Amino acid sequence: MEEYAREPCPWRIVDDCGGAFTMGTIGGGIFQAIKGFRNSPVGVNHRLRGSLTAIKTRAPQLGGSFAVWGGLFSMIDCSMVQVRGKEDPWNSITSGALTGAILAARSPQFAEDPSQLPSSQLPSSPFGDYRQYQ
């Protein structure tokens, strides 16, 4: 399996972090170019300037967000390899789940009031809105 013949763990984190930054910057640049072009005033010069401004301001931020995700994923993956002593797909699965959980815990909804998170995920009741009595 070629996937598991990668760099050793300390360098894998840097490699994945850089790859994620590059992917986020390029993908974000393309997306922001289209968004900046569409949201600019009429006229080719205005649209091209708006597109370039959107790329310069937003693409590095998206790249940084991707780099955080990639670095966190790789750190958890390397930790799982060290703890379990083997490198298999379960490490990647667990790393993805834990990365998603850690990044979701940073969201404003959870940070505001953690007690509100479970009640908003409950299924609706057939007898009406149960949240009005809380």
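Reply: Start with one definition: the expected span of a helix is 1.5 Å times one less than its number of residues. Keep in mind that this is a predicted model.

Me: ok, what should the 41 residues of H2 span, and how far apart are the end C-alpha atoms?
Reply: At 1.5 Å a residue, H2 should span 60 Å. The end C-alpha atoms of H2 are 57 Å apart, which agrees.

Me: where in H2 is there a kink?
Reply: The kink lies at Arg58, shortly before the proline Pro60, and is about 35°.

Me: and what comes just after H2?
Reply: Gly85 is found there, with a positive phi of about 80°.

Me: Back up a bit. How many helices and strands does the chain have?
Reply: The protein chain has five helices and zero strands. Along the sequence, that reads α-α-α-α-α.

Me: how much of the chain is buried?
Reply: Of the 134 residues in the protein chain, 23% are buried.

Me: What about contacts between residues 24 or more positions apart?
Reply: Among contacts with a separation of 6 or more, they account for 49%.

Me: New topic. How many disulfides does a search of the whole structure find?
Reply: The search finds one. Cys9 and Cys78 form it, with their sulfur atoms 2.4 Å apart. The pair links distant parts of the chain, since Cys9 is in helix H1 (residues 9-38) and Cys78 is in helix H2, 69 residues apart.

Me: left-handed or right-handed?
Reply: The torsion about the S-S bond of Cys9 and Cys78 is about -105°, so the disulfide is left-handed.

Me: is Cys78 buried or exposed?
Reply: Cys78 has a relative accessible area of 10%, so Cys78 is buried. The cut-off for buried is under 20%. Cys9 has 22% relative accessibility and therefore counts as partly exposed.

Me: And how does Cys17 count?
Reply: Cys17 counts as partly exposed, because its relative accessibility is 27%.

Me: I clicked on Ile55. Where is that?
Reply: Ile55 is in helix H2. With 28% relative accessibility, Ile55 counts as partly exposed.

Me: what is Ile55 in contact with?
Reply: Leaving aside neighbours within four places in sequence, Ile55 is in contact with Gly29, Gln32, Ala33 and Pro60.

Me: and how far apart are the C-alpha atoms of Ile55 and Ile30?
Reply: They are separated by 7.9 Å, while the two residues are 25 apart along the chain.

Me: Last one, H3. What span should H3 have?
Reply: Helix H3 has 17 residues (residues 89-105) and should span 24 Å at 1.5 Å a residue. The end C-alpha atoms of H3 are 25 Å apart, which agrees.

Me: which residues in H3 are buried?
Reply: Asn91, Ser95 and Thr99 are buried in H3. These three cover an arc of only 65° around the axis, which puts them on the same side of H3.

Me: which residues are on the other side of H3?
Reply: Trp90 and Ala97 are there, and both are exposed.

Me: so what covers the buried residues of H3?
Reply: The cover includes helix H2 (44-84).

Note on methods
Residues are numbered from 1 along each chain as its sequence is written. This is a predicted model: local features need pLDDT of at least 70, side-chain atom pairs count only at pLDDT 80 or more; totals for chains, interfaces and linings use all residues. Side-chain values use heavy atoms; hydrogens and water are left out. Helices (H or I, at least four residues) and strands (E, at least two) are DSSP runs, numbered from the N terminus. Buried means under 20% relative accessible area, exposed over 50%, partly exposed in between (1.4 Å probe, protein chains only). The arc is that of the directions from the helix axis to the C-beta atoms. Contact means heavy atoms within 4.5 Å. A disulfide is a pair of cysteine sulfur atoms within 2.5 Å. The bend at a residue is the angle between axes fitted to the seven residues ending there and the seven starting there.
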